[in-house]
Amino acid sequence: MPVLDLLDLSAACPPNTAWMGLDLGEQTIGVATSDTSRMIASPLELVRKSKFTQDAEQLFRLMAHRKVSGLVIGLPMNMDGSEGPRAQSCRAFARNLIRLRDVPIAFWDERLSTSAVERFLIDELDLSRKRRAGVVDRTAAAWILQGALDRVRDQATWV
């Protein structure tokens, strides 16, 4: 299965199944899941990167446990809309996942998601730097997934 356009992800996934959002960092993968109605994204877990196959198996276990039918991966675009090395790395990660398991995947522009989450954690929750380090990536994954869920829901209301 090729990587899908976000608006085609719903058709590729069974109804009443959750989606998983991923924030791919250099050392960690932030993981979030939606509810089965795909209305609300919630932070789930932080995966410490090791070898790709081990990381993929851990993600597949989480998907099976949560009955996840599709993935939304944050795509770190440059501010001018171009793709840099980090975006290419995310695309390669998705291609490699699909080689291991035929899972529907779509990308969501994650520009400034980590900064927005950091501001929220500081301004609203008054978390210390140490406490933020443990939650920022999985919260960023939820931010990415929520943006994608909102976009899909908004598109459905316009059709």
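Predicted model: local features only at pLDDT ≥ 70, side-chain atom pairs only at ≥ 80, totals over all residues.
View 1. Helices (H or I, at least four residues) and strands (E, at least two) are DSSP runs, numbered from the N terminus. Residues are numbered from 1 along each chain as its sequence is written, and side-chain values use heavy atoms, with hydrogens and water left out. Of the 159 residues, 45% count as buried (under 20% relative accessible area; exposed is over 50% and partly exposed in between, with a 1.4 Å probe and protein chains only).

**View 2. Helix α2 against helix α3.** Here α2 (residues 52-66) packs on α3 (residues 85-100) at an angle of about 70 degrees, the axes being 11 Å apart. Axes are lines fitted to C-alpha atoms, for helices over the stretch in contact, and angles run from 0 to 180 degrees between N-to-C directions. The two helices are therefore roughly perpendicular, a label for angles of 65 to 115 degrees. On the α2 side, F52, A56, L59 and F60 make the contact, and on the α3 side F93, N96, L97 and L100 do (contact means heavy atoms within 4.5 Å).

**View 3. T53 in helix α2.** T53 is partly exposed, and its relative accessible area is 47%. Look also for L97: the C-alpha atoms of T53 and L97 are separated by 8.7 Å, although the residues lie 44 apart along the chain.

**View 4. The largest nonpolar core, with 27 residues.** Such a core is a set of buried Ala, Val, Leu, Ile, Met, Phe, Trp, Tyr and Cys residues joined through side-chain atoms within 4.5 Å. L22 and V31 have the most contacts inside this core, and α3 gives the most to it, with 6 residues. Beyond its neighbours within four places in sequence, V31 has contacts that include M20, L22, L44, L59 and A141. A second, separate core of 16 residues includes L4, W19, A141 and V152.

**View 5. S34 in strand β2 (residues 28-34).** S34 counts as buried, at 9% relative accessibility. Setting aside residues up to four places away in sequence, S34 touches A18, W19, I40, A41, L145 and L149.

Note on methods:
Parallel < 35°, antiparallel > 145°, perpendicular 65-115°, else oblique.
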